[in-house]
Amino acid sequence: MFNKILIANRGEIACRVIKTARRLGIKTVAVYSEADAGARHVRLADEAVFIGPAAARESYLVVDKIIAAAKQTGAQAIHPGYGFLSENEAFCDACDAAGIVFIGPPVSAIRAMGSKSEAKKLMEKAQVPLTPGYHGDNQEPGFLNVQADAIGYPVLIKAAAGGGGKGMRLVERSTDFLEALASCKREAASSFGSDHVLVEKYLTRPRHIEIQVFGDTHGNYVHLFERDCSVQRRHQKVLEEAPAPGMTLERRAAMGKAAVDAARAVGYVGAGTVEFIANQDGTFYFMEMNTRLQVEHPVTEMITGLDLVEWQLRVASGEPLPLAQEQLAINGHALEARIYAEDPGKGFLPSTGRLVHLAPPEEGVHVRVDTGVEEGDEISPFYDPMIAKLIVWDVNRDRALARMLQALAEYRVVGVANNIEFLSRLTACPAFAGADLDTGLIEREKGYLFPTEQGAPREAWLVAGLAELLREKARAVTQAARHSEPDSPWHQRDGWRLNAAAKRTLIFRLGEEEKSLFVSNRGEALAITLDGTTSVVSGQLNLRGLLRAELDGLRTTATVVVAGERRHVFGHGKAWQFAAVDPLHHSGGGGGAEGGLLAPMPGKVIALIAAEGAKVEKGAPLLILEAMKMEHTITAPAAGTVKAFRFIVGDQVGDGAQLVDFAVDPA
Ligand code: MV4
């Protein structure tokens, strides 16, 4: 076994590999770019080597730099992770040339699986089922058109050197074939450097089912059962699970045999994945073979209880496979969701920024979080915006679904847009929960998955208000403790007032909607009037924003995280981004700047600054209130005219009182 390995990757997979290496007592070397100088994988590794600028093509993808780092640190082997150089033949050769073990398959297997048509020829020889079609060398258009007619429409034309859905054309009828073929060849030539295509029968509602295989250097091969990765968006996997719903023992054995035969056919060593496309009736066909450890490998680990990276390290160091096929079994069901910094409401646009608050669910037997970031880290624009992989396990699929919903509901991310709510809806959607799976699920369920409704339930507004008050109270207590007279009644934020029940107005905005919450004391609790209805609320808020509340006698929990003026409310698997509106700069009850300006709290008018009838700019001082022993300047919320003051100097005003009639200039 190795003493020291280098991980030629970053993010969650680098952290994940380091975790297993450390458990095995293997020293680890990380490599990092400028953008990753403070990254988690660098912190976790025993050593770290700087390899250059943030752009991957100048750092993580530069073969010579990775090899040099391994030589510099005495790493005996390199784990490539996935992506980057993990399936790069030149890198594999460079490792061999440098006498450094590449933890993966031999370069011959990478080469053989790099071409779709070459891979299919190998699979045909190994009697692995292929999609009905033509994948030969005759590329004459008329000949291919005859082949397509014989296959029967619809057919799919695929670029042999393509992948990930690129270079495919669906043809519904013979008269469209030649034009589609020409178009596909043009794209294939320009995108992949080869216009070689194959023609296949199109499967209309396919499932993507893949088999995890392992080979060692002693001729042993096993499969570690299947994963269903049908839930994809634009050829990016979103949710993966193991085992595949509806899989029969016979079908599993047949797919496992086909995958092992495929691995044996290419002399495979290490972890590999044979991808199949399957009809709804379960008939399956070879699609491609991936010669790397896949992103979704944890679901296989959760149902087998194995550590696939440990297997990779043992096999790469010449050990035999730790277990034989008959010693492998499935236990329970696992799901994986990829938590991304992207905005589903904006076409899944990647989101960058600092993770001002990051609180994954608690890990244990049922929940695993593979992540490359911690609170305070940046999600940069240079790399895949993955925040983490959330993996859950339970004894069956329904229980695993419940675990996933619970874990997603507990996952708190503030600072970047993210897909957690989308993943919750996807997990809960009837098609997925009912295992009605195919690669078109997300598109088919988009009405459910991308709701147009905005707004938040009353409970969310009340939670935002209660948390705000509890946070203010806690802050007052902290400040009092720092004050020379900590017991002074002026520090109490319990709403006590000399001669009136304390009243407060809190204003929050959600999207275009703005609401005022009128707060008063109700014994030990608070009364919040919202939309004309009063609720009695109380609760406790901890330092991480976890709120245990009682709203009108009903107990609930939520999390409220502050980021600037934003109040992120999480509850029941949903999230809302409120904005706290500073009443001092608020005008009008309805959220617009029209109408008067409300007194943010009880106080005394001590100066009228602007003249009645005066035209003023946004931010111009209008009057001064004295409240809580401080002077508060009320300013113009926008350019406009001071029509009239409702009070004169010396008047006492109540909380929420209208102070000024103000007309905003037309836009
Ligand atoms: C297909 C197919 C339907 N019929 N082949 C997409 C990329 C590559 N993995 C192969 N792909 C497909 N090949 C035939 N004959 C549908 C797809 C496909 C797909 C396959 C697996 C996972 C997701 C997919 C999304 C769209 C299309």
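Which residue has a backbone N or O atom 2.9 Å from a nitrogen atom of the ligand? That residue is L203. Before going on, please keep in mind that this is a predicted model.

Let me stay with the ligand for a moment. In E200, an N or O atom of the side chain sits 2.9 Å from a nitrogen atom of the ligand. In K158, the corresponding distance from a side-chain N or O atom to a ligand nitrogen is 3.1 Å. How much of the ligand does the protein cover? On its own the ligand has 510 Å² of accessible area, and the protein covers 91% of that.

Now the shell as a whole. It holds 17 residues, and the nearest are K158, E200, K201, L203 and I277. Sorted by class, 7 of the shell residues are nonpolar, 6 are polar and 4 are charged.

β7 covers 155–159, β8 covers 168–171, and G165 is in the loop between them.

Next, empty space. Rolling a probe the size of a water molecule over the atoms shows where such space is left. The second largest pocket contains about 1,300 Å³. Its lining has 45 residues, and E421, Q454, A575, W576 and Q577 are the closest to its centre. Several elements give two or more residues to this lining, among them α12 (397–410), α13 (420–428), β24 (503–510) and β31 (574–581). Which element gives the largest share? That is β31, with 7 residues. By class, the pocket lining has 22 nonpolar, 13 charged and 10 polar residues.

Last, the cavities. The count is 3 cavities of 30 Å³ or more. The largest cavity holds about 60 Å³. It is lined by 13 residues, with P80, I103, T291, R292 and L293 closest to the centre. In that lining, 6 residues are nonpolar, 6 are polar and 1 is charged.

That is the tour; I'll take questions.

Technical notes:
Residues numbered from 1 in each chain as written. Predicted model: local features only at pLDDT ≥ 70, side-chain atom pairs only at ≥ 80, totals over all residues. Heavy atoms only, no water. 1 Å grid on protein atoms, 1.4 Å probe; cavity = no way out; pocket = protein on both sides within 12 Å on 5 of 7 lines; lining within 4 Å. Points joined across faces, edges and corners; volume = space filled by probe spheres on them. Nonpolar A, V, L, I, M, F, W, Y, C, P; charged D, E, K, R; others polar. Helix = DSSP H or I, 4+ residues; strand = E, 2+ residues; numbered from the N terminus. Near = heavy atom within 4 Å. Polar contact = N/O pair within 3.5 Å; in protein donor to acceptor, adjacent residues only side chain to side chain. Areas by Shrake-Rupley, 256 points an atom, 1.4 Å probe, with all protein chains shown as cover.
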